[in-house]
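Q: Can you walk me through this one? I'd like to start with the DNA and then look at the helix packing.

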There are 2 protein chains.
Amino acid sequence: MESFQSLFDDLERSGPVPLYFQIARRIEGAIESGMLPPGTKLDNEVKLAEDLKLSRPTVRRAIQELVTSGLLVRRRGIGTQVVHGKISRKVELSSLLDDLTRDNMNPSTVVLLHELVVPPGDVVEALDLQDSTPVLHIKRLRLTGNDPIALLENYLPPELSDISAEQLESQGLYQLLRAKGATMRVAKQRIGARAATREEGEHFGRPAGSPVLTMTRTVYDNGGRAVEFGVHAYLPEMYSFEMTLVDR
Amino acid sequence: MESFQSLFDDLERSGPVPLYFQIARRIEGAIESGMLPPGTKLDNEVKLAEDLKLSRPTVRRAIQELVTSGLLVRRRGIGTQVVHGKISRKVELSSLLDDLTRDNMNPSTVVLLHELVVPPGDVVEALDLQDSTPVLHIKRLRLTGNDPIALLENYLPPELSDISAEQLESQGLYQLLRAKGATMRVAKQRIGARAATREEGEHFGRPAGSPVLTMTRTVYDNGGRAVEFGVHAYLPEMYSFEMTLVDR
DNA sequence: TTAAACTATTTGTCAATACAATCGCACGAT
DNA sequence: ATCGTGCGATTGTATTGACAAATAGTTTAA
């Protein structure tokens, strides 16, 4: 609709951050801050490119990023609009701890188990292990304030098994893995539900058999090697998965 | 690694299907058929473009599609590889009926409720309704063979409320909506768990209070207008959500 | 009056090119 | 033997240019 050139004033044209990314971030910010309310029509790509003194493909790529993530909708002959309906953060390859920290939920972690074990069959398959070298098996209770929210069970491959229980209480697992140089590029996960075990019930302060939300996830690095295998149980009153889907 | 030029023989250069899309589909097919096993290195973009007699941006866009959907991994200086680990179909803006049909699960539908109602508050909000015009409220039981799998409750906005119970038993809701010209571009959904109500328990053949997996979804069309609002309960022994996440 | 045809606008697709950044590896210096 | 250094290979970013296709609105014709 209008011109928002001011939004794009100080683009770093020679910095390490790609131009298309800088633009995408600013538009995203403008949408989330309410400066661009739902339904707003963006300037057309040609004009935008002229205003920003950039090429059309660069502008187009920035817009594409936001279309793919569900913030914008493009229609040929019409233009580009901010999506109606409040769109929330999608499911990302992020850690529960990061999510809770970002939302100021005051998260903490209690390590319940920390041992090296010979991997059971399902873990061998999930991590695609070649032999029976012991792997690190951990079980953690995640809380927000004093309220339990999830019981997290994880297996780590031998080369990433030198993590201490103390480290796990002070930092998130993904933080630690990243610090060790693991990349975490692709994850496969399954979300389901089942009745709580007695152990889960005790930690959650609920009777055994009450419903829990479950998520099992295997994370792979750049080279396709498994980095982590996790079986998580969430207290459904406290947590659920929210996501935005876009049809392309 | 090798040359797969044969894969790309008869590209329709002047048809209505974009070239990058044709290429992406063929690579996808080659991966799923096992012709390109996990870890296989694709030819580099420049060579691929030469072989196909296309520009590099076009080839690159085809590859980009598959990277975004988690089938390929690209690394600068290294090349493009087929992702390790069997990657499954991600959560898509698809209907349960389509999924079950594709997997030969012999699905069927029983319409339990079909009525016009003045929309309750949460529905007004979800569908972003301006007045209290009655909306269609339906409740369906979805089965595979003779086994119940889900209880589906939906609300449709007034302009899409002329759908009969008979139509719903023979076709999927999304099929019907599409036939009415609705587009369904973006969806926002939440996956959680809770205890089954008495009604759910009866339909599922389980005691009330046993765990159910829940999904609430609002679907929007091109213009950002809400097309459908659904509250679904799944029998967790029969169904779960599987998805692949890619970090970009 | 109504329907068809045209037009302006805007995104979609594709090409050809240039240079930058990163990675693995071989080679060489210490 | 080990640690850098440099080089080739490959993807990442960005520009410019051209034409196609879809949409909404306007004008024209029946």
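A: A term before anything else: helices (H or I, at least four residues) and strands (E, at least two) are DSSP runs, numbered from the N terminus. This is a predicted model, where local features need pLDDT of at least 70, side-chain atom pairs count only at pLDDT 80 or more, and totals for chains, interfaces and linings use all residues. Residues are numbered from 1 along each chain as its sequence is written, chains are lettered from A and ligands numbered from 1 in the order in which they are written, and side-chain values use heavy atoms, with hydrogens and water left out.

Q: OK, which element gives the largest share of the surface near DNA strand C?
A: Helix 3 of chain B, with four residues. Near means that a heavy atom of the residue lies within 4 Å of the strand.

Q: How many residues surround DNA strand C, and which are the closest?
A: There are 26, and the closest are Arg60(A), Leu19(B), Ser55(B), Thr58(B) and Arg76(B).

Q: How far is the Thr58(B) side chain from a phosphate oxygen?
A: A polar side-chain atom of Thr58(B) is 2.5 Å from a phosphate oxygen of DNA strand C. The cut-off for a polar contact is a pair of N or O atoms within 3.5 Å.

Q: And where does Arg76(A) reach?
A: One of its polar side-chain atoms lies 3.1 Å from a sugar or linking oxygen of DNA strand C.

Q: Switching to packing. What is the angle between helix 1 and helix 3 of chain B?
A: About 50°, with the axes 8 Å apart. Axes are lines fitted to C-alpha atoms, for helices over the stretch in contact, and angles run from 0 to 180 degrees between N-to-C directions.

Q: Oblique or roughly perpendicular, then?
A: Oblique. Angles under 35 degrees count as roughly parallel, over 145 as roughly antiparallel, 65 to 115 as roughly perpendicular and the rest as oblique.

Q: And how do helix 2 and helix 3 of chain A pack?
A: At about 110°, with their axes 9 Å apart, so these two helices of chain A are roughly perpendicular to each other.

Methods. A polar contact is a pair of N or O atoms within 3.5 Å; within protein, one must be able to donate a hydrogen and the other to accept it, and residues adjacent in sequence count only if both atoms are side-chain atoms.
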